[in-house]
Amino acid sequence: MSASAGDREPGTLLDNAMEDTIGPTCTGENSKHDAAVCSGNTEIKSRAVVKYSAAPPPTSYALLQEKTDLKLPPANWLRENPQLGSAGTTVLGSSSKSKPFSSFGMAYDFIDCIGDDVDVVSDSENIKKLLKIPYSKSHVSMAVHRVGRTLLLDELDIQELFMRSSQTGDWTWLKEFYQRLIDQKWQRKKKSKEHWYQKAILSKFLYYSINGDGAAEPVSDNLNEGEEENRAAEFSSSWPTAFTSTSSDTEESDAPKQESVPMESKFALGQVTSVPKEQNLPMLFNEGENSQGLRNDFVRNIMWTFEDIHMLVGSNMPIFGGGRYPAVSLRLRDNNKPINILTGIDYWLDNLMCNVPELVMCFHVNGIVQKYEMIKTEDIPHLENSTFSTRVVKDIAQNILSFLKSNCTKEGHTYWLFKASGSDIVKLYDLTTLCEEAEEEKCQNPFTLPVAVLLYKVASNLMLKARQNQKHYGTIRTLLLNCVKLLDQERHPQIIASAHYMLSELFQLDEPPQEDGGESLRAGGSEDSYSDEDGEEEGEAELTEDSDENSSYSSCSRSQDDSKAVAVIRSVGELSVPEKYKSTHQIRPSGPFPVSQNKEERCRHVLSYVLKGIKAVDGSIKKESDLPAADPNTPIPLKYEDRSAAGACAAETGISLLLERAGPLQADQKHPTRSGMIPGSWQHRMKLQLFLKASKAYYVLSDAATNLLKYGRALRYIKLSLQSYDAYCSVSGTLHPQVLQFHSQCLSLCGDIQLMLAQNANNRAAYQEEYSYQTKEDQDILHSLHRESSCQAFNMATDLAMDPEYQLFVSSKCYEAAYELLVSEALTDHDSDQLAPVLKRLGNIRNEMGVFYMNQAAAMQTEKEVKKSVSVVEQEMWKKSFAFFEKGMKDFEAIRDRTNTALLLCNTGRLMRICAQAHCAVSADQSRGEFSPEEALYYNKAIDYYLRAIKALTSRDSHPAVWDSVNWELSTTYFTLATLLQDYAPLSRKAQEQIEREVTEAMMKSLRYCDLQTESARQPLYQYRAATIHHRLASMYHSCFRNQVGDEHLRKQHRSQAELHYSKAVCLFLSLKDAPCELLRTLLERVAFAEFTMAGQSSSAAKLKSLTGAMEIMTETRFAFQMIHKELLEEQLELSEPQPAESADSIDVTSGPSSGLNLQEVMKLIGVFEPSFSFLLLQLIKLMTTMKRKPSNKDEELLKTFKNVYSKLLRAEKTAPLLSRVSLYIELLQQLTPQTESDDRGAHS
């Protein structure tokens, strides 16, 4: 009966390949084998990987002697035998009861494969039945379910189910529909005696064939004993016992068989505590696991790849050793009946699926054994009377899969593939839709729960993978939404709550979405469907254009009888046409996973799922009316209104309670919670997860609102976050370190918000409005939280106060609580990167509070109408400010933040200066008294703090801005100290010389910190200050020189110092170009100094020399007058331009419209300039005319100029406008300096 040599020639290579690679086939090992099955010149690719096997390694079959009577039962008949599995336990060769859920048992065990890797999960018998549809007239009835891209196929024995429906009522609607469909009363078809006879002798034949029972002798092997022992050892080492996973080197051993499968995935509920054993899957079903057929009872589960179709197949075919190969299948045939094509396909597919290379056929006549024949698997398609094309079988498989995938598009729906006996038409119905349309109240689809649980399990499994790859998110969301849609909340709250929690986990809150988030997450966003309906219609249209025969896909051409069918195959012959249904089973996501770049939107999604999850949990505990309900709209009395000592004390108590609530570890709870939950129950664990998720979502919302400067909204969200956390604490027995760290973040953010509210007091009304608003969802969540806790532990921290001081106080307390948490015992072993930011915030808030009290003290000084002694309130302010600055410095020093430490030292220096100003002495007539020792003390303290700040910074490179600021403040303090010492000299306590020394020392130190080199915004200020210092020092030495009597050496020193500082002051004021009055004053003082020097001289030559020098200094005043002239011109131009009425009215006459020129000061200086200039000219004219020596031509020319200038000066109008007088002075001064006239004109222009 074997095929001819010519037919088999292409299979020769396969022969060798099989012998070389087949290994220990169909054992506990996960064996792999790629087979290329040949038929003529075509080749079919088949690969089988045994994922699990409960059978022992195949042992050689017993070769029955000729004439053995199979009608007589062997001694071991119907005894349980692992070699035969369920094939021999009954006369049927398989379980007598239909198993409508057999594929679910496999799917639960190999959850990793479902949804993505595998196209079909089914019993091998169902696969064979489908592939034989075009050849067979028998009826086909199968339930089809979709999970991702995987189809689950199960036999739907209509007759058996209808027998059950009279007891359960489950299928009555289907029974009625079926009767309408075939238009007749259904009758259970009885099986013939011949059928039972054939089953019985097959069972006896298999038991006879088991080696070692003495019933027959085994066939001799080609292997010698040594090889046999080696092979047995090889099998025994890798053969697992039933219901255990295989050894670690197997390809996929993560799906061990278990009597019961835990309901919750490790992902969903394992984070808080492990799942208790008693919470298992079977308890969730109304009927037992066995009666529902949910167990995976197959002897082996095989991953079979047939061409491009990946199938997870369950098989019970007995496999034996013997022959040329280590595995054969055993078949019994009646010699009088030839093998037909259906039997041939059966044998061929069985061997392919189980990776068996050879078939041993035993022929009998009326139960008497005749002979054996061995047939290679690749020769089966060529057997006489049963020749078939393997390529056609491949086309049938591809077409059926494409047909099902194109039309079974909705997850969670039960589809029914039906072909009536003798009919050529195959129809597909959506039983879920039909069930929904049925009128009866009790219309439960028995597949609903198994499907929902499978969707949940696949989603849970993907969730673990999704941690590494977000592409699964869309698929997970679709799976979970469909799971929830299928289940009744009252009956299955646990799965619903867990599914909603997982849905909330899909929205990552702690990391920003990828830039291409919309692209990377496009993996199935529709709730029901995995294919784009529009795309399907297009595909269908294309198909109908290709062939008129395919009218079954076009809804318009369907007959009225098929109106209920989703799709119809008009003729089974179509399935043999290659690629007839190829184009529409591609999975096309109908929309992207809704991940928004907007954080608020993501959080809202999370909170909606959290709320649904909490409601599912609450529904399983007690009814709402049984519980104490809290009204979320009832206002809670605010503590901050009373700013008395009692109010502050209450706030302190509040913060200590806050810390207690955040305490590291509380004793494990043993009593039910407020709502009646038992600690350790699934409700308890789920609520913990949901409360924490809600707290995190509100935290992210608060953070986002803070970034948008919506501080009222931010405070409302952080309040909800802390209320969720409070409820979490009420339910949780222990607080994990990660939770405590998150809580520290919440408190820290709360502190940030309160600080920002204190700093932005102007927008208080807007913040109040934002804070008061609340969505319905937030109210519902708060109501759910109130079932477990009063949620008032953090009220003190989250109330919206109206007093900035109180807000700062609350902010500091929040940071302190966050810090206390991070350094608590519970977190000692956990390195936290939050500690440094919290310390930084603590330092910052203490600085803010220090500045707040310092400013209050400064405001008190300015408000005083009459200078009195320092008040107690002021001193209290100083003490508070100083204490906060000290604490802040310690915080910054703890994290080695030199810059901020320097800033706080700088602020402390400023506080000392305010204290110094407050101690200013006032005389009886309210005028400023002498510089007091208290002032000196505080100014010196300020200097100490500034010097410490500079030391902390070490160099300007560390932080230029802060360095410059400290430098400026230090220079200012020295300058102020020197100025006060000079202007209000404490002569009653110190000698003049000592004061002068101290002034000089302070001025020179101030000068040292004047950074004249670095280009910055402060450079002109430094130049002005340096010029002022030189001017003041020059004035002081000038005064000393005038008043000093006797010590000539000292007088010379004072004179040279005065000259030096006057010249430096003039140079600096000249470079400034915007300080004409100061320049003019300095020059006039310098002229006066020269005049004073001249007064002490006796000889005419010395006097003339001094006067000439004084005149040279006087001519330099032209630069000051040129600047004054320029500013006056600008002023005049501005006044002449038409101005709006309001701006014209606002001009200050004394100072000019825009310039900084003080006209009164100018008039005053001109009042000094004119007589001084006039005096110098007169003295020069007198001396030059009375000189005894003969004057030179140059002297005469000079004298003439002096007389001319003096004449013009005397004749000048005293009442002339200021501008014309200044112009005259410039003209006269320029006449005295003809050699630099051109330069001066350039400057003047």
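Good morning. In α31, the buried residues are E935, A936, Y938, Y939, A942, I943, Y945, Y946, A949, I950, A952 and L953, where buried means under 20% relative accessible area with a 1.4 Å probe, protein chains only. This is a predicted model, in which local features need pLDDT of at least 70, side-chain atom pairs count only at pLDDT 80 or more, and totals for chains, interfaces and linings use all residues. Residues are numbered from 1 along each chain as its sequence is written, and side-chain values use heavy atoms, leaving out hydrogens and water.

What covers these buried residues of α31? The cover includes α29 (872-894), α30 (898-918) and α32. Helices here are DSSP runs of H or I, at least four residues, numbered from the N terminus.

Let me turn to the pairing with α32. The axes of α31 (residues 933-953) and α32 (residues 960-983) come within 10 Å and cross at roughly 160°; axes are lines fitted to C-alpha atoms over the stretch in contact, with angles from 0 to 180 degrees between N-to-C directions. The two helices are therefore roughly antiparallel, a term for angles over 145 degrees. Contact, meaning heavy atoms within 4.5 Å, involves residues including Y939, I943 and Y946 of α31 and W963, L970 and L977 of α32.

As for length, the 21 residues of α31 should span 30 Å at 1.5 Å a residue, and the end C-alpha atoms are 30 Å apart, which agrees; the expected span is 1.5 Å times one less than the number of residues. After α31 comes T954, with a positive phi near 65°.

How values were computed:
Parallel < 35°, antiparallel > 145°, perpendicular 65-115°, else oblique. Buried < 20%, exposed > 50% of the residue type's maximum accessible area, 1.4 Å probe, protein only.
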